[in-house]
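Q: I have a model open here and would like to talk through parts of it with you. Can we begin with the ligand and move on from there?

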Amino acid sequence: MEQSQVTIAPARGKLGVLLPGLGAVSTTLIAGIELIKKGLGRPIGSLTQYGTIRLGKRTENNSPLIKDFVPLAGLDELVFGCWDLFADNAYDAAMHAGVIEPSRLEAVRTELQELRPWKAVFDQNYVRRLSGPHVKTGKNKYDLAMQLMEDIETFSGRHGTTRMVMLWCGSTEVFMELDEVHKTLRNFEDGLKNDHPAITPSMIYAYASLMSGVPFGNGAPNLTVDIPALLELADDRRVPVCGKDFKTGQTLMKTILAPALKARQLGLHGWFSSNILGNRDGDVLHDPSSFRTKEYSKLSVLEYILQPELNEELYGDYEHQVHIHYYKPRGDNKEGWDNVDIFGWLDYPMQIKINFLCRDSILAAPLMLDLVLLMDLAQRSQLSGIQEWLSFYFKSPMCASFLYPEHDLFIQLTKLKNTLRYLRGEDQITHLGIEYYQS
Ligand SMILES: NC(=O)c1ccc[n+]([C@@H]2O[C@H](COP(=O)([O-])OP(=O)(O)OC[C@H]3O[C@@H](n4cnc5c(N)ncnc54)[C@H](O)[C@@H]3O)[C@@H](O)[C@H]2O)c1
C-alpha cells in the first residue's frame, strides 16, 4: 500500500458555510439539511452521504462509504451565513423560491427564520435584471471587501466555528473577459481601491474569502475566482478554490452521453439543446449578457470531450446550439430538451432525444453539500489552489492554465476517488487487473 504524506486534521467543531446569494439553490440546501437532521428527508444525490469507494483488489471486497473513509464534517456541525440584496430571512426566501412545498418547510420554519442575510455587495451593472434594497455602501470596492471580511469574522466569533467555506450561489453576472486588472494581485488590489469596472461583486466576495483564509467555490459561470490575481492570493494564503457552474441538469446529461458516443466512435452532426425554466435564475439569464456567460460555460463541454482536432472525420463539423428560455409557469422545474444527430456505420444517420424534466435546485443541493464537505476536507489536508479533483461538480471546471479542463463525468469521478485514496495512502485504482491474467 502507498503511504500518503498527507496528514488530515480532524473535522472537529463547527463548520461555517458562507453563501453569497440566498435564492433557490441556497435555501434548498439549508432547508434540506435542517429537514435531514430531523429525519424528515434524505440527502439523495450526495456522493459524500451515499457514495462508496473501492479499496484494494476486487477480490478483497472492501468498499467503505466515502464518509467513513475520509473524515468529513457531520451535518449537525454545519452553520450557515449568507448575503443577499433582499432582506428576506431564509424561510421567506425559500417560500419565494417555491422549490420545497410550504407544508414541508413548516417543520423547519424556526431554524430558517433565524437566518437573515447580511447586506450584499451588489451592483446592477453586473446583473441587469435584478435590483434590491439590502446592499452595502462603501468608499470603494476595497472598503466593501473589508466589510465582507468583518461579516465573516463576526459570524465565526458568534458561532464559534473552527473552519469555514464559501460557495458563490449568487446570480450569474454579465460576461467578462480577462482584463489587465485580473492578472496580478497587485493590479487587483489597486483596482479594488480605484473601483475598476472589471472587478465584479463576486470577485470581491472571493477576495474577502481568500483573505480570511476561507476556501472558495463558485457555483455560477462567472470568472470570479478563476483569474490569475485571485489564484495568486489562494496560493499565497494556501487556500483551496474550485468552480465554475454547478453541473446539474442538461450539461450533466451531455457529459454522460458524449463520452459514450466517443467511446463507440459514433459521429456527430449536431446537438441542439433547449431549456425552459421560470425561476429567478431563469429571469436573470434572460438578459443576453448574463446568458452569454452561461452559454460559454455550456458550449465548451462537447469540444473538450469529443476532441475534434484528434478525430476530424467524426467530430470535425458538428453544430452545437444551447438556448435558455424564461417561462414563468415552469418555476424551478426546468425542462431540458436535447436533439442529438449522430451517424454510424456507412454514415447512416440516427437521432437521440432527451427530455429531462428536472428540478434545478433539487439537483444542485446535494452537489453543494458535497462541495462544502470536500472543500473543508481539502483545507484540512493542506491542499491549496485549484482543486481539479472537484471538477466532477462543475460545468466549466477550473484547471491550471497549461491544461485543458476534463469534462467526462466518469474520468472526473475517477479523479475524485483517486484523490481520496491518495489522501488516505491507499493504492490508486487503475482497473488494469493485470494480476488476474498473470495468475
Ligand atoms: N441547478 C441550478 O440551480 C444551478 C446550476 C448551475 C448554476 N447555478 C447557478 O447558481 C446561482 C444561483 O442559482 P439560483 O437558482 O439559486 O438563483 P436565484 O436567482 O434563485 O438566487 C440567486 C440569489 O442571489 C442573489 N444575489 C445576486 N447577486 C448577489 C450579490 N452580489 N450578493 C449577494 N446576493 C446576490 C439574488 O438576489 C438571489 O436571491 C446562479 O448563478 C445559477 O446560474 C444554478
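Q: Which helices and strands each supply at least two residues of the shell around the ligand?
A: This is a predicted model, and in it α1, β2 (78–84), α12 (280–285) and α15 each supply at least two residues of that shell.

Q: And where does the largest share come from?
A: The largest share, four residues, comes from α15.

Q: Which residues come nearest to the ligand?
A: Of the 36 residues around the ligand, those that come nearest are G21, G23, A120, A220 and R280. By class, the shell divides into 20 nonpolar, eleven polar and five charged residues, and at least three residues are drawn from each of domain 1 (14–246 + 362–423) and domain 2 (250–357).

Q: Back to α1 and α15: at what angle do they pack?
A: Helix α1 (residues 24–37) and helix α15 (residues 360–380) pack at about 65 degrees, with their axes 8 Å apart, and their crossing is right-handed.

Q: Which residues meet there?
A: From α1, A24, V25, T28, L29 and G32 meet D360, S361, I362, A364, A365, M368 and L369 of α15; by class, that contact has eight nonpolar, three polar and one charged residues.

Q: New topic, the open sheet of four strands: what is the strand order?
A: The order is β8-β7-β9-β10, with mixed pairing, and the edge strands, each pairing on one side only, are β8 (319–326) and β10 (349–357).

Q: How many bridges join β9 and β10?
A: Strand β9 (residues 335–343) pairs with β10 in the antiparallel sense over nine bridges, and the bridge partner of I342 is M350 in β10. Helix α11 (residues 250–263) packs on the sheet, touching β7 (267–277), β9 and β10.

Terms used
Residues are numbered from 1 along each chain as its sequence is written. This is a predicted model: local features need pLDDT of at least 70, side-chain atom pairs count only at pLDDT 80 or more; totals for chains, interfaces and linings use all residues. Axes are lines fitted to C-alpha atoms, for helices over the stretch in contact, and angles run from 0 to 180 degrees between N-to-C directions. A crossing is left-handed if the near helix is turned anticlockwise from the far one by less than a right angle, and right-handed if clockwise. Two residues are in contact if their C-beta atoms, placed from the backbone, lie within 7 Å. Ala, Val, Leu, Ile, Met, Phe, Trp, Tyr, Cys and Pro count as nonpolar, Asp, Glu, Lys and Arg as charged, and the others, Gly among them, as polar. A residue is near a molecule or strand if its C-beta atom, placed from the backbone, lies within 6 Å of it. Domain bounds come from an automatic or database domain assignment. Two strands pair if DSSP finds at least two bridges between them.
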